[in-house]
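Please consult the sequence and the structure shown here while reading.

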Amino acid sequence: MITGKITGLSVTDVRFPTSLGQHGSDAMHTDPDYSAAYVVIETDAGDGLKGHGLTFTLGKGTEIVVCAVKALSRHVVGRDLEDIVNDFRGFYRQLTSDGQLRWIGPEKGVIQLATAAVLNALWDLWAKKENKPLWKMLVDMDPNQLLSCIDFRYISDALTEDEALEILQNGKCGQKAREEYMEKNGYPAYTTSCAWLGYSDQQLQKLCTDALKEGWTRFKVKVGADLEDDKRRCKLIRSMIGPNNQMMLDANQRWDVDEAINWVKELASFKPLWIEEPTSPDDILGHATISKALSPLGIGVATGEQCHNRVMFKQFLQAKALQYLQIDSCRLGSVNENLSVLLMAKKFNIPVCPHAGGVGLCELVQHLIIFDFISVSGSLENRMCEYVDHLHEHFMHPVSIQHAAYMPPKDPGYSTEMKEGSVLLYQFPEGEVWQKLMASKQMEV
Ligand SMILES: [Mg+2]
């Protein structure tokens, strides 16, 4: 039973000082402190269940997202959970179309990150009430109920509700076998942990050797700061992983369009599968130009981690501007908006390869991509989910990776719950970790 009126919504600024070890460093984000605006929702149901949700940030600015969550909370507190999930489309629209708040969006930037954090907590709570991991709840749902969670406004020219229904109905065929396949083999992953831009060659070699031993076959390399340096690092990684393993490149928006084409041509001999975020994440036609220029070299364009809503994704697909679509569990408006993007990707026949890493992104997005395989795409061709080996120890139900694959989570919910001790320690700025760092002047905050 999905009972309970929402009695409280709290939000905490949680930051991990990852910049101290250059973890997560790339051509544009040289010193990220992986952080989250972390939301907890409580009800009066008396069953002890809480909803936990988050959105991912890089440190500074998390306090702004926290403010935005507080601004949205008036739409949540006092509402009946059952009423929300029975008209989730209406509730999504209420959050994203608040007559005053939408001016600071709409459906983009800080306010959309905050929307994601709030909705992620609600989906977590719903799945816990159903006593299922979120992916399984989605897989078991009736196609019409799934559709009732999606706002089709602004995308109906690319995907109608009838077409979406047909995709989901077709997805029911063979679902059982695909679910069993996932339970046995998991969803294929690739690692970004080996080749952050700030790592030394020695570090790259060691991490690559360890990853190969663990069975990883797909590796992502950060590029874009210095061409000669990129050539050296790509050569090193390619020589270590051999010709048959896959290598992807990620420039994190570093280049202009022509610069991107020329730079990637210089790296083509290392046989990358894709170039990720070659230019501004908003430049749809620029991505289309790059895609066209790199197509003869067999290199695709991947993007999405900073694509802020379904309308942008629609245009990327319509413009043939990406060959690999990277959904993000905390950038888009939670499961609701991600469902619409998964369905559009299916219609346009573009593989989804989710963005993950950061803090909690792996925990969340594994649910979406496992659902996608079982109920939407039905395929693993050209598909894989990003994995980064950081900060999982802070979660109650961390991801389980076996043989370089995400094993389907078994615990009820969206795997979003952080350990209370971790939240206390890393709360910014009052947590003990930050108090010590500030006292020792190790970090400027
Ligand atoms: Mg990336």
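## Basis of the description

Helices and strands are runs assigned by DSSP, a helix having at least four residues (H or I) and a strand at least two (E), and they are numbered from the N terminus. The model is predicted.

## Helix α15

Helix α15 covers residues 361-377. At 1.5 Å a residue, a straight helix of 17 residues would span 24 Å, whereas the end C-alpha atoms of α15 are only 21 Å apart. The helix bends by about 30° at F371.

## Overall architecture

The protein contains 17 helices and twelve strands. For 445 residues, a compact globule would have a radius of gyration near 22 Å, and the 21 Å of this protein agrees with that. The C-alpha trace spans about 60 × 60 × 45 Å along its principal axes.

Of the 445 residues, 52% count as buried. Among contacts between residues at least 6 apart in sequence, 76% join residues at least 24 apart.

The protein is divided into domain 1, made of 6-132 + 421-439, and domain 2, made of 167-419. The centres of the two domains, taken over C-alpha atoms, are separated by 23 Å. Domain 1 brings 40 residues to the contact and domain 2 brings 37 residues.

On the side of domain 1 that touches domain 2, at least two residues each come from β2, β3 (51-57), α3 (88-96), α4 (109-129) and α16 (420-426). Of these, α4 gives the most, with eleven residues.

## Strands β1 and β2

Strand β1 comprises residues 6-15, and seven of its ten residues are buried, so it is largely enclosed by the rest of the structure. It pairs with strand β2 (residues 35-43) in the antiparallel sense, over nine bridges. Within this pairing, S10 stands opposite V40 in β2.

## The loop between β10 and β11

Two residues of this loop may be compared. E393 is found between β10 (385-387) and β11 (401-402), and H397 lies in that loop as well. E393 is exposed, since 8 other C-beta atoms lie within 10 Å. H397 counts as partly exposed because it has 17 C-beta neighbours inside 10 Å.

Each has a partner farther along the chain. The C-alpha atoms of E393 and S422 are separated by 9.0 Å, the two residues being 29 residues apart along the chain. For H397 and D411, 14 residues apart along the chain, the C-alpha separation is 7.2 Å. Leaving aside neighbours within four places in sequence, H397 is in contact with P409, D411, S415 and E417.

## Backbone exceptions

Most residues other than glycine have a negative phi, and most peptide bonds are trans. Which peptide bond from F428 is cis? The bond from F428 to P429 is, with omega near 0°; P429 lies in the loop between α16 and α17. A cis peptide bond also joins G105 and P106, where omega is about -15°. P106 lies in the loop between α3 and α4.

S334 is not a glycine, yet its phi is positive, at about 60°. This residue is placed in helix α14, residues 334-348. Is S334 buried or exposed? S334 is buried, because 29 other C-beta atoms lie within 10 Å.

## Helix α17 and the residue after it

Helix α17 comprises residues 432-439. Of its eight residues, the number buried is zero, so α17 lies largely in the open. Just after α17, K441 takes a positive phi of about 55°.

Note on methods
Residues numbered from 1 in each chain as written. Predicted model: local features only at pLDDT ≥ 70, side-chain atom pairs only at ≥ 80, totals over all residues. Expected span 1.5 Å × (residues − 1). Bend = angle between axes of the 7 residues up to and from the residue. Rg over C-alpha atoms; globule rule 2.2 N^0.38 Å. Buried ≥ 20, exposed ≤ 12 C-beta atoms within 10 Å, placed from the backbone. Contact = placed C-beta atoms within 7 Å. Pairing = 2+ DSSP bridges. Domains from an automatic or database assignment.
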